[in-house]
Every structure is written in C-alpha cells, then in structure tokens.
Amino acid sequence: MRMRPFARLVAARHSDGMTDIAAKRAQFRALHAQGCFVLPNPWDIGSARLLAHLGFAALASTSSGFAWTIGRPDYAVTRDDALAHLALLCAASDLPVNADFQGGFADAPEGVAANVTLAVKTGIAGVSIEDAVLDGASLYEKDFAVARIRAARAAIDRSGEDVILVARTEGLLGHDMTVSAAIDRLVAFADAGADCLYAPGVRGKDDIAAMVRAVAPKPVNMLMMGPGLSVAELADLGVRRVSVGGALARVALGAMLKVAEEIKQGSFDGLAAAASGKILNGIFAEFDQPIAS
C-alpha cells in the first residue's frame with residue numbers, strides 16, 4: 001500500500017536518529033511549569049529554522065500562515081495537508097512544536113479523537129483544538145465543544161504520549177462573546193482535561209488577569225496579533241506563554257506585496273531591505289539534517 005505523504009514523514013522522523021521526540025515533549029511541558037515564554041509561529045521549514053536559529057525555545061504552527069503558503073485562505077486546508085505540514089515542522093529543527101489543529105478537522109468528538117491521534121504521530125509536543133466549526137464561521141454549543149475537548153484528551157491519553165492539549169475558544173474573534181462567557185468556556189475546557197487554555201482576542205489587562213485566575217494553576221496562552229502589551233507585562237499578569245499566530249506570515253507577505261507593487265510601478269528601491277543571501281545561506285547551513293518529502 002502506498003504511504004500518504006504525512007505517513008512517510010512520520011516514519012522517517014521516528015527512524016532518523018534526530019532529537020528524541022519524548023525529550024522534546026518533556027522540554028515543552030517544562031516550559032509551561034513556570035515563567036513566561038514566547039512561542040513564535042513559523043509557516044514553513046525555512047521560517048521554522050530561522051526562528052530556531054534566533055534561540056526560541058519552542059515553535060507553534062499557524063493554520064492561516066500555512067494556508068497562505070499553498071495559496072488557500074484560512075480554514076481551506078485539508079486534514080492531510082495539515083498533518084504533512086506538522087511532520088515537516090517537527091523535522092525542521094530540534095525544537096518542540098505546538099500544532100494549530102483548528103477544530104480537529106471533524107465535528108463529532110470521535111472524529112476529533114481520531115484526528116488528534118494522527119496528529120500525535122507527527123511528533124508534535126502540543127495540539128490546540130478550538131470551538132469553531134469547520135469553516136470558522138460559527139461556534140459549537142458549549143456542551144458539545146466540551147465533549148470535543150474531552151475526546152481529544154482521551155485520545156492523547158490512549159496514545160501514551162506526553163502531548164499538551166490546548167483548548168481555545170474563538171468567541172472573542174468576531175462572535176460577540178463576552179469575556180466572562182469566554183472565561184466560562186475555558187474553565188469548562190480545563191475541567192474536561194485541557195492542559196493549557198487560550199482565548200484569542202482578549203486584550204485588557206484586567207480581563208487577561210481574570211482569565212489567568214479563573215483557570216489557575218493551568219497555564220494561559222496569549223495571542224499577540226499586533227503591537228500591544230510587552231512580554232514582561234504579560235508575564236506580570238500571569239500569562240505563561242505568548243504566540244503570534246499568522247502575524248509573522250502577514251509581516252513577510254505584507255513586505256513582499258509592498259515591494260512587488262513598487263516593482264510594478266517601475267522602482268526596485270524596496271529590494272534594498274532584503275536579507276543578505278550570505279547570511280541566510282549561513283543560517284540554513286547550520287541545519288544539515290535532511291527532511292523526507
């Protein structure tokens with residue numbers, strides 16, 4: 001039987017002698033135990049390796065950033081596309097990777113469980129499951145959303161792997177949910193077995209602090225989509241980890257669009273801001289391990 005792309009990557013990942021996956025997962029869990037760390041979001045192998053070179057302790061995938069690299073809008077990526085991408089990110093460096101697995105690519109809890117089982121096999125150290133329906137346009141009813149998190153928890157437990165389960169509500173991103181309602185969902189997700197909680201869109205210091213207190217001692221992830229509070233300020237509020245979602249991809253693509261538009265108008269001045277090819281080649285030469293495709 002012909003192996004699917006992500007299955008070939010997983011097989012290679014488990015046999016190539018690179019950093020032990022269990023060690024990555026232990027390292028990732030330890031990061032959640034104290035302090036505050038930044039979890040930047042690469043969108044391909046190159047961006048993952050650049051971030052690893054800069055000294056970050058862990059990485060997280062971005063569903064939107066990855067979708068744009070293959071010319072699709074967010075929420076238009078298939079499960080197998082996502083699995084293959086996760087296997088590549090896990091193989092790209094020695095850093096643990098948290099998977100943005102959207103809603104688990106299934107509606108029913110049993111479907112979420114089956115897909116989380118597949119995601120664990122890619123080598124990820126954490127997996128995020130959100131409460132938005134497959135197209136991201138609406139949210140699952142609370143009890144059903146909780147059942148989906150409970151199913152993801154059971155799937156991870158059955159795997160025997162130490163993978164962190166992150167539960168997130170999308171209610172503060174265009175769904176008219178109040179902060180108190182979002183906190184209520186996060187508390188329910190924590191009770192259902194989530195290790196880390198996440199409500200993209202929360203901004204005020206008082207709201208962030210309230211969210212942290214409500215689910216304590218479990219850690220809270222903060223999404224920074226643009227300028228705002230510093231890492232130090234977030235740490236003071238009790239936030240344990242900070243990610244940027246598709247923001248880095250938007251910065252890169254935004255710069256490309258700006259310079260390309262200038263080229264279209266006849267000017268090449270924007271190319272002066274390009275990174276040095278010598279520097280980039282030197283960075284990527286640090287990573288001599290091949291990645292199966």
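Author: In this predicted model, a polar contact is a pair of N or O atoms within 3.5 Å, one of them able to donate a hydrogen and the other to accept it.

Reader: Is D20 buried, partly exposed or exposed?

Author: The relative accessible area of D20 is 48%. Because buried means under 20% and exposed means over 50%, the value of 48% makes D20 partly exposed.

Reader: At roughly what angle do the axes of α6 and α7 cross?

Author: Two packed helices are described by the angle between their axes and the distance between the axes. For helix α6 (residues 109–120) and helix α7 (residues 142–159), the axes come within 8 Å, and the crossing is right-handed. The angle at which these axes cross is roughly 40 degrees.

Reader: How many nonpolar residues does the contact of α6 with α7 have?

Author: Residues of α6 including V112, V116 and V120 meet residues of α7, among them F144, A151 and I156. By class, this contact has two charged residues, two polar residues and, as its nonpolar part, eleven.

Reader: Which element gives the largest share of the largest nonpolar core?

Author: The largest nonpolar core has 67 residues, of which F101, V116, V127, I129 and F189 touch the most other members. The largest share of this core is seven residues, and these come from α7.

Technical notes: Residues are numbered from 1 along each chain as its sequence is written. This is a predicted model: local features need pLDDT of at least 70, side-chain atom pairs count only at pLDDT 80 or more; totals for chains, interfaces and linings use all residues. Side-chain values use heavy atoms; hydrogens and water are left out. Axes are lines fitted to C-alpha atoms, for helices over the stretch in contact, and angles run from 0 to 180 degrees between N-to-C directions. Helices (H or I, at least four residues) and strands (E, at least two) are DSSP runs, numbered from the N terminus. A crossing is left-handed if the near helix is turned anticlockwise from the far one by less than a right angle, and right-handed if clockwise. Contact means heavy atoms within 4.5 Å. Ala, Val, Leu, Ile, Met, Phe, Trp, Tyr, Cys and Pro count as nonpolar, Asp, Glu, Lys and Arg as charged, and the others, Gly among them, as polar. A nonpolar core is a set of buried Ala, Val, Leu, Ile, Met, Phe, Trp, Tyr and Cys residues joined through side-chain atoms within 4.5 Å. Buried means under 20% relative accessible area, exposed over 50%, partly exposed in between (1.4 Å probe, protein chains only).
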